[in-house]
Amino acid sequence: MKQASKTLISLNSKFSKAKNQRDFLENGIFGNDRLPKFAQTILDHQLDVTPKTLDTLQLNVGYTCNQSCTHCHVDAGPDRTEVMSRETMDACLQVLKTNQFRTLDITGGAPELNPNFKWLVEHARPYVEEIIIRSNLTIIESHTRFNDLPDLFKKYGVRVICSLPCYTESNTDAQRGDGVFQASISALKRLNKIGYGVDPELRLDLVYNPGGAFLPPAQEKLESDYKSRLKTDFGIDFHELLSLNNLPISRFLDTLIREKKYERYMELLVNSFNSSTIDGLMCRNTLSVDWDGRLYDCDFNQMLVMPINGMESAHIANFDLNQWQFRTIRLSQHCYGCTAGTGSSCQGSII
Ligand code: SF4
Ligand code: SF4
């Protein structure tokens, strides 16, 4: 497999520093009032972005990845070394045991590359109704030692959510690297073979995100196209397609700026603001934890190093539900990515 991109860190890009991304999003087209800031739009529409009931614990167990995709909001890649320790995982398990989370959502990077990944899945299983693994698929095919991941997923009844930005090889490889499509198809066949995507109890969902500076087509129509093409071309089944918007942070932000599409894309997001998405914003019911145990409103705020308001130095080991419940969610201009069109969350379109 060939990498589609390099990490911003390895390129020594100014956007490898979260502060530069935050400053950029605060200024420019938003700093000179050409476009309204997100917080202003929320006020103008008299909307409420306050916490609801805490439902999901999302753990980012490390930024290491076997891929390096062009749009990655994590700036993940083979050269990233940040990995959650067993000790921090243990602290997360204590929080799972003592609170009523419905879902544990494990993400990365490629979460399977964390040396304690299997241990985490096994030990978390008794405490939540649902465990989600966000897999890039190719990790399963990357080495024989990962070929049995589908069996592990099945053993613990894990829901697998996999990225596949298109049902064509050329579009997928352009975004994720040459050879990614074929490896992804092999992994999907491996998952199908043991019942994933076929048995209703073994959930296999795919994730689409646009290959450029545009919003996704309607999720339902896209799902039907994916189902028909993947079945006809490769005999592959899956349950649901989750369609995501690209948020203007990290490598996608860097690409937008290099290709001189940033302002046009932000105008598109602002003009596509949809107030009906506010109810389903994932920051309202999710606690996001980074590899080092620090706490965020969502994975995007994590990448921008915008810790939870009032919990800036908090660690998962001293998580306080009361403080989480009465926090003010930190919003910035990237949030327009979650509210554009039909909206976007880790569970796909919001409406
Ligand atoms: S597979 Fe996912 S985490 Fe890895 S580089 Fe691609 S988008 Fe980022
Ligand atoms: S980026 Fe995060 S904080 Fe902003 S709206 Fe989306 S989920 Fe909420």
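Helices (H or I, at least four residues) and strands (E, at least two) are DSSP runs, numbered from the N terminus. By that rule, Val 305 lies in the loop between helix 12 and helix 13 (321–325), and the protein chain as a whole has 14 helices and 8 strands. This is a predicted model, in which local features need pLDDT of at least 70 and side-chain atom pairs count only at pLDDT 80 or more, while totals for chains, interfaces and linings use all residues. Residues are numbered from 1 along each chain as its sequence is written, and chains are lettered from A and ligands numbered from 1 in the order in which they are written.

**Overall dimensions**

- The radius of gyration, taken over C-alpha atoms, is compared with a globule rule of 2.2 Å times the number of residues to the power 0.38.
- For 351 residues, a compact globule would have a radius near 20 Å, and the 19 Å of the protein chain agrees with this.
- Along the principal axes, the C-alpha atoms fill a box of roughly 55 × 45 × 40 Å.
- A residue is buried if 20 or more other C-beta atoms lie within 10 Å of its own, exposed if 12 or fewer, and partly exposed in between, with C-beta atoms placed from the backbone.
- Buried residues account for 47% of the 351 residues in the protein chain.
- Two residues are in contact if their C-beta atoms, placed from the backbone, lie within 7 Å.
- Of the contacts between residues at least 6 apart in sequence, 76% join residues at least 24 apart.

**Sheet**

- Two strands pair if DSSP finds at least two bridges between them.
- The 8 strands form an open sheet in the order 6-5-4-3-2-1-7-8, with mixed pairing.
- Strand 6 (240–243) and strand 8 (295–296) are the edge strands, each pairing on one side only.
- Strand 4 (residues 159–163) is mostly covered, with 4 of its 5 residues buried.
- Strand 3 (residues 130–135) runs parallel to strand 4 and is joined to it by 4 bridges; Ile 133 has Val 160 in strand 4 as its bridge partner.
- Strand 4 also runs parallel to strand 5 (residues 204–208), again through 4 bridges; Ile 161 has Asp 205 in strand 5 as its bridge partner.
- Cys 162 stands opposite Leu 206 in strand 5.
- Leu 206 counts as buried because it has 28 C-beta neighbours inside 10 Å.
- Outside four places in sequence, Leu 206 is in contact with Cys 162, Leu 164, Tyr 226, Phe 238 and Leu 241.
- Leu 206 and Cys 72 are 134 residues apart in sequence and 16 Å apart in space, C-alpha to C-alpha.

**Nonpolar core**

- A nonpolar core is a set of buried Ala, Val, Leu, Ile, Met, Phe, Trp, Tyr and Cys residues joined through C-beta atoms within 7 Å.
- The largest one has 93 residues, and Ile 106, Ile 131 and Val 160 have the most contacts inside it.
- Helix 8 (residues 180–193) gives the largest share of this core, 7 residues.
- Beyond four places in sequence, the contacts of Ile 106 include Leu 59, Val 61, Leu 120 and Ile 131.

**Ligand surroundings**

- A residue is near a molecule if its C-beta atom, placed from the backbone, lies within 6 Å of it.
- Ligand 1 is surrounded by 14 residues, the closest being Cys 65, Cys 69, Cys 72, Ala 76 and Asn 136.
- Ala, Val, Leu, Ile, Met, Phe, Trp, Tyr, Cys and Pro count as nonpolar, Asp, Glu, Lys and Arg as charged, and the others, Gly among them, as polar.
- The shell around ligand 1 has 6 nonpolar, 7 polar and 1 charged residues.
- Residues around ligand 2 include Cys 283, Cys 298, Cys 335 and Cys 338; its shell has 9 nonpolar, 2 polar and 1 charged residues.

- In helix 10 (residues 250–258), the buried residues are Ser 250, Arg 251, Phe 252, Leu 253, Asp 254 and Leu 256.
- Their cover includes helix 1 (18–26), helix 11 (262–271) and helix 12 (299–303).
- Most residues other than glycine have a negative phi.
- Lys 260, in the loop between helix 10 and helix 11, has a positive phi of about 55° although it is not a glycine.
- With 8 other C-beta atoms within 10 Å, Lys 260 is exposed.
- Val 305 has a positive phi of about 50° and is not a glycine either; with 14 other C-beta atoms within 10 Å, Val 305 is partly exposed.
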